[in-house]
Amino acid sequence: MSYRETLKQAAEAAGFPLTEGQLDQFQQYGDLLLETNKSLNLTAITDPEEVAVKHMVDSLLVYNREAFHNHTIVDVGTGAGFPGLPLKIYDPGMRVTLIDSLQKRLNFLGQVVETLGLGQVRLVHGRAEDAGKNPALREKFDVAVARAVAALPVLAEYCLPLVRVGGVFYAMKGSKYQEEADAARHAVEVLGGKIREIRPVQLPGLTDKRAIITIEKVRSTPKQYPRKAGTAVKKPL
């Protein structure tokens, strides 16, 4: 089955039916990803059908209209654009900021945004720790999302400083999501958050476990967080 057909069927099965226009955009995105990946390491997954399910549809699993539609979204450590760009294709009304520490990846993302004609996408070059200290970004977003960037205690320190009070951080996690959530409870509380939900999700045709962990921002993050680059990994809260 082709990339496009796989994407269409898997997205529908996951509850995210795509229009022909959206399928066209996902096709262009997939083509650019696999072509650029020949010279720049963007993804270890190179089979087009696997890209469709494990990158594109997987990115959509975090979406809910109430939290995302017409809101400001920050994707921390976006890499090749996941989950931020698939979410933007699915719901063009959101305003998306993609943060990554590698300029070459951002150059690729800029090419995707231009080719697909996506408006209201901002690319920010830098480490998450620096972004969290930047007054233009700190506590400015309705929603933060991150996918497979770091262990949850570390990820919380990267993401929660960017979320406004009353906003939400969604962590997209693999099979050890419960252990990660348990290990992160102290860090989340220190950073001004509260774990509200751990929602197991499944990708069509796959049996591996994964979940979306919902963390609400209930009060401002203390100004000493995030700590300087590298500290969160060496000394998790």
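Contact here means heavy atoms within 4.5 Å. The structure described is a predicted model.

Under this criterion, and with residues up to four places away in sequence left out, Q22 touches P17, I89 and Y90. Q22 is found in helix α2. Its relative accessibility is 11%, and Q22 therefore counts as buried, since buried means under 20% relative accessible area. T214, located in strand β7 (residues 210-217), counts as buried at 11% relative accessibility. Apart from its neighbours within four places in sequence, T214 is in contact with V168, F169, Y170, K194, I195, R196 and E197.

E180 belongs to helix α9, which covers residues 177-190. With residues up to four places away in sequence not counted, E180 touches A150, A151, L152, P153 and K173. For one of these residues, P153, the separation from E180 is 27 residues in sequence and 7.6 Å in space, taken from C-alpha to C-alpha.

The buried nonpolar residues were examined next. In soluble globular proteins, nonpolar side chains tend to be buried together. In this model the largest nonpolar core holds 50 residues, of which L7, Y29, F68, L85, F108 and Y170 touch the most other members.

A pair of aromatic rings is described by the distance of the centres and the angle of the planes. Across the whole structure, six aromatic pairs are found. One of them, formed by F16 and Y63, is edge-to-face, with 6.5 Å from centre to centre and 75 degrees between the planes. This pair links distant parts of the chain, as the two residues are 47 residues apart. F16 lies in the loop between α1 (3-13) and α2 (20-36), and Y63 in the loop between α3 (48-60) and α4 (65-68). F16 has a relative accessibility of 9% and so counts as buried. Y63 is buried as well, with a relative accessible area of 11%.

In the pair of F68 and Y170, the ring centres are 5.6 Å apart and the planes are at 20 degrees, so this pair is stacked; the cut-off for stacking is planes under 30 degrees apart. F16, Y63, F68, Y90 and Y170 form one aromatic cluster. Y90, a member of this cluster, is one of the residues touched by Q22, and Y170 is among the contacts of T214.

The largest pocket has a volume of about 280 Å³. It is lined by 16 residues, and the closest to the pocket centre are L42, G77, T78, G79 and A80. Sorted by class, the lining comprises seven nonpolar, six polar and three charged residues.

Several backbone features were noted. F82 and P83 are joined by a cis peptide bond with an omega of about 5 degrees. P83 is in the loop between β1 (72-76) and α5 (84-90). Another cis peptide bond, with an omega of about -5 degrees, joins Y225 and P226. P226 is placed in the loop between β7 and α10 (231-234).

Positive phi values occur at Q120 and E139. Q120 is not a glycine, yet its phi is positive, at about 55 degrees. This residue, Q120, is found in the loop between α6 (103-116) and β3 (121-125). E139, also a residue other than glycine, has a positive phi near 55 degrees. The loop between α7 (128-133) and β4 (141-147) contains E139. With a relative accessible area of 22%, E139 is partly exposed, because this class lies between the limits of 20% for buried and 50% for exposed.

Definitions and conventions
Residues numbered from 1 in each chain as written. Predicted model: local features only at pLDDT ≥ 70, side-chain atom pairs only at ≥ 80, totals over all residues. Heavy atoms only, no water. 1 Å grid on protein atoms, 1.4 Å probe; cavity = no way out; pocket = protein on both sides within 12 Å on 5 of 7 lines; lining within 4 Å. Points joined across faces, edges and corners; volume = space filled by probe spheres on them. Nonpolar A, V, L, I, M, F, W, Y, C, P; charged D, E, K, R; others polar. Core = buried A, V, L, I, M, F, W, Y, C linked by side-chain atoms within 4.5 Å. Buried < 20%, exposed > 50% of the residue type's maximum accessible area, 1.4 Å probe, protein only. Helix = DSSP H or I, 4+ residues; strand = E, 2+ residues; numbered from the N terminus. Phe/Tyr/Trp six-rings, centres within 6.5 Å; stacked < 30°, edge-to-face > 60°.
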